[in-house]
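Hi,

Here is the structure I promised to pass on to you.

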Amino acid sequence: MGKITINGQICEFVDGESILKIARKNDIFIPAICYVSCCSPTLACRLCMVEADGKIVYSCNAKAKDGQNVITNSPELHVARKEIMKTYLINHPLECGVCDQSGECELQNYTLMLGVDEVNYAIKETHKPIKNFSEFIDYDPSLCIVCERCITVCKDRIGENALKTTPRNADMPPKELKESMQKDAYAVWNKFQKSLIEQDKSCSNCGECEAVCPVGALGIKYFTYSSNAWELKKIASSNPHSSDCELIYYEVKQKSIEDSDLKIYRVTNDYEFGEINKAARFGFDFHNENAHKNESKFNKIINLIKNNEIKNIKFNSFITNEDTQILSNLKEKFGLNLINDEALKYQNFLKNFEKYSGKTLFSANSQNIKNADFIVVAGSFLRHDNPNLSYKLNNALKINKANAIYFHTIKDSVVESFSKNLLFCKHDPKFDIEILLLILFKFGKNLPSWLEKYKINYFETLNLDESEFDKLALDKKELVLIIGEDFIFSKNAENLAKLTGMIEAFTPFKTLIIPPRTNSLGVVLNCKLDDVFQSGKTLGYNENGDFKFGIFNSDLDAPALTQQNGSFTNYDKRVVPVKKALNYKGYYLSDLAKALSIEVPKIANLDNFYKNSGENCRGFEIKPKISSPKTDEFKIANLNKNLENFIYKANQIGTFSKFTNTCKFLKSEIFLYAGADFMQKFDLKEGDLVQIDNEKVKVKKDDEIEGAYLPFYDENLEFGFKTRYKEIELKAIKC
């Protein structure tokens, strides 16, 4: 720890922190148009220059020194920044009136702030046609100021390295101006004339590059010319599609002059601290616009519950905490069974984890991952299962220079490319217990003596280089273990949960057990779930049943998560707010509760923002209760079978559920996604039709993987998975 003085204000800092980061933590403004928090500095704009002990330094890159005195604004700094802004405006198109970024453009803001009212320089312009970067994003090079934010965030946050600079092939600034121009302004102009942005390879379409663009160079296709930014009302809510439940803003206004009903025009985020995935950004239209109230059907369901004819409610984890509490109250009053297979498996896993960890909840969160220096991922196809955690892993590797071991049965070349300090261990699907025993014996202290009988060379079993493992783990202090749903749905789930608990109790690792769906953790904490149906009828809440209360094709219309107020419990164990963005004319679950004289929980007014320091002020964190962990002996036996040929159960990146797949921009056909190795092994070609159980699907090549996976978001297709692995015999069907 040290102290520096910024504009007369004494600020504490941690060794290695930049002056810009310290200033932001203390709400001191320093202009910067190229820097994004938690990313490496590019020094592209130089606007963040400050005086440190009388010397000009660039605050995004300059590390603070104890006792340093910093001035962020002075006449000299103002002149230099103003000259830099003049160079950005050379040949910049004068189309602010129709630019989608107008009203929230940082180029506009800094031009006004620094009082730029003339440009003293000129240079020949080059033709730069608009380019198609992806199915969602267009790039207009004429608007680009080459700040490189998009490149940096794709590399340091998302981990895909899909963008790079490319030669502009333009005239360079006259050399004679080098002596007369302010030196930083000349350097910025010189760099600007050299480069443009280019897409180097395909990506997962998270849209984060567009989010960080300070001008209108990167734009969302469907939003182009649809609205002025200042006409939109921002509604802060939480991602409804995956268990990150990250902060999002629904940006809404009425549909048209004739139709005053609200419409979501786009979804944005706090890109400084809360990156979001493809579904969060582009999956906002999964509601039923024709929802209405049907009083006779509503009363029929009420009477069936009152008369004990409905004995079960089947539901999923795309649900608010408040609705889970209503379901729990219905169970208590009417003796209903609550059926949610995925959440029940997660609930059982956490119960067994608690016994052997002494903690009601896992201890790690996403901030622990970002701050970690050694991370192990096991049982998660991370970029597909939970993209946001893959962003945190990548950020720790890139910015914190962490090391990592990634265990999985499907090789993901993008994860493998995150860092040279990431060791990818591709293992047989039979092995899961062996991974946790390896970690337990390698890092455990004062282990129960009965474990000794299970101590063998698990490195050999997993075909893992022990010396390489030891090298990556050497002298590491902040250790995190991420456990995914492969383990939760495994035949060995009970033992895996107990071993995870023992790792929490006997090793330096903090663990994070990923909730499989958006609010699985909220369901687990609020509901006592059942494993069997009672004899009687079943009400399906957004699931199939004898009577269905759901968004689509239901007896009774239900609201989408964009049409409700409430909360989720995310993988950080934080209860975060859900806010209604769209109008809704049908019944809520609370209407059912009121009609049955069931208590309806109050909706808390929760904060939903990040401070300039990055401090999470979203809702509140649930703290685990601590007790003494069990050390009783239990039999450790691997129940998994050897699978010679298998496919894996996983959705493609950005598709999480049937709700995601109803969205206009995310709707997709089911394919068997296969790597080149798998296609060669089974003599398959792109577009071949194959049969899996009673279903027929086409093959689609995925160049990023080794192996094959099959999506599960379509409930109308039944592939017979008992765990996440299925043994198969495949051959193409001749058409």
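**Where two domains meet**

Between domain 2 and domain 3 there are 4 salt bridges. Please keep in mind from the start that this is a predicted model. Side chains of opposite charge can pair when their charged atoms come close. A pair to look up is Arg383 and Glu704, whose side chains form a salt bridge with 2.7 Å from N to O.

To find your way around, start with the domain assignment, which gives domain 1 (1-73), domain 2 (345-515) and domain 3 (646-727) for the protein chain. The centres of domain 2 and domain 3, taken over C-alpha atoms, are 26 Å apart. Together they bury an area of about 1,600 Å², and carbon and sulfur atoms give 59% of that. Which residues of domain 2 lose the most area to domain 3? They are His384, Ile410 and Pro429, and together they account for 33% of what the domain 2 side buries.

**Empty spaces inside**

Now for the gaps. Rolling a probe the size of a water molecule over the atoms shows where empty space is left. The count comes to 7 cavities of 30 Å³ or more.

The largest cavity has a volume of about 140 Å³. Of the 16 residues that line this cavity, Cys154, Leu163, Cys203, Gly207 and Cys209 lie nearest its centre. Two elements, helix 4 and helix 7 (208-212), each give two or more residues to the lining. Helix 4 gives the most, with 3 residues. The classes here are 10 nonpolar, 4 polar and 2 charged residues.

**A link from helix 7**

The structure holds 44 salt bridges. One of them joins the side chains of Glu208 and Arg281, at 2.6 Å from N to O. Glu208 lies in helix 7 and Arg281 in helix 8 (residues 278-282), so this pair ties together parts that are 73 residues apart in sequence.

**The largest pocket**

Among the 47 residues of its lining, Lys21, Cys38, Gln367, Lys370 and Asn371 lie nearest the centre. The elements that give two or more residues to this lining are helix 1 (19-25), helix 4 (149-158), helix 12 (366-371), helix 14 (387-399) and strand 26 (574-578).

Which helix gives the most to the lining of the largest pocket? That is helix 14, with 5 residues. At least three lining residues come from each of domain 1 and domain 2. What classes do the lining residues of the largest pocket fall into? There are 12 nonpolar, 16 polar and 19 charged residues.

Enjoy exploring, and write back with any questions!

Best wishes

Definitions and conventions:
Residues are numbered from 1 along each chain as its sequence is written. This is a predicted model: local features need pLDDT of at least 70, side-chain atom pairs count only at pLDDT 80 or more; totals for chains, interfaces and linings use all residues. Side-chain values use heavy atoms; hydrogens and water are left out. On a 1 Å grid over the protein atoms alone, a cavity is a set of points where a 1.4 Å probe fits but cannot get out, and a pocket is an open set with protein on both sides within 12 Å along at least five of seven lines; lining residues have an atom within 4 Å of a point. Helices (H or I, at least four residues) and strands (E, at least two) are DSSP runs, numbered from the N terminus. Ala, Val, Leu, Ile, Met, Phe, Trp, Tyr, Cys and Pro count as nonpolar, Asp, Glu, Lys and Arg as charged, and the others, Gly among them, as polar. Domain bounds come from an automatic or database domain assignment. Buried area is the accessible area (1.4 Å probe) that two parts lose on being put together, summed over both. Grid points are joined across faces, edges and corners, and a volume is the space filled by probe spheres set on the points.
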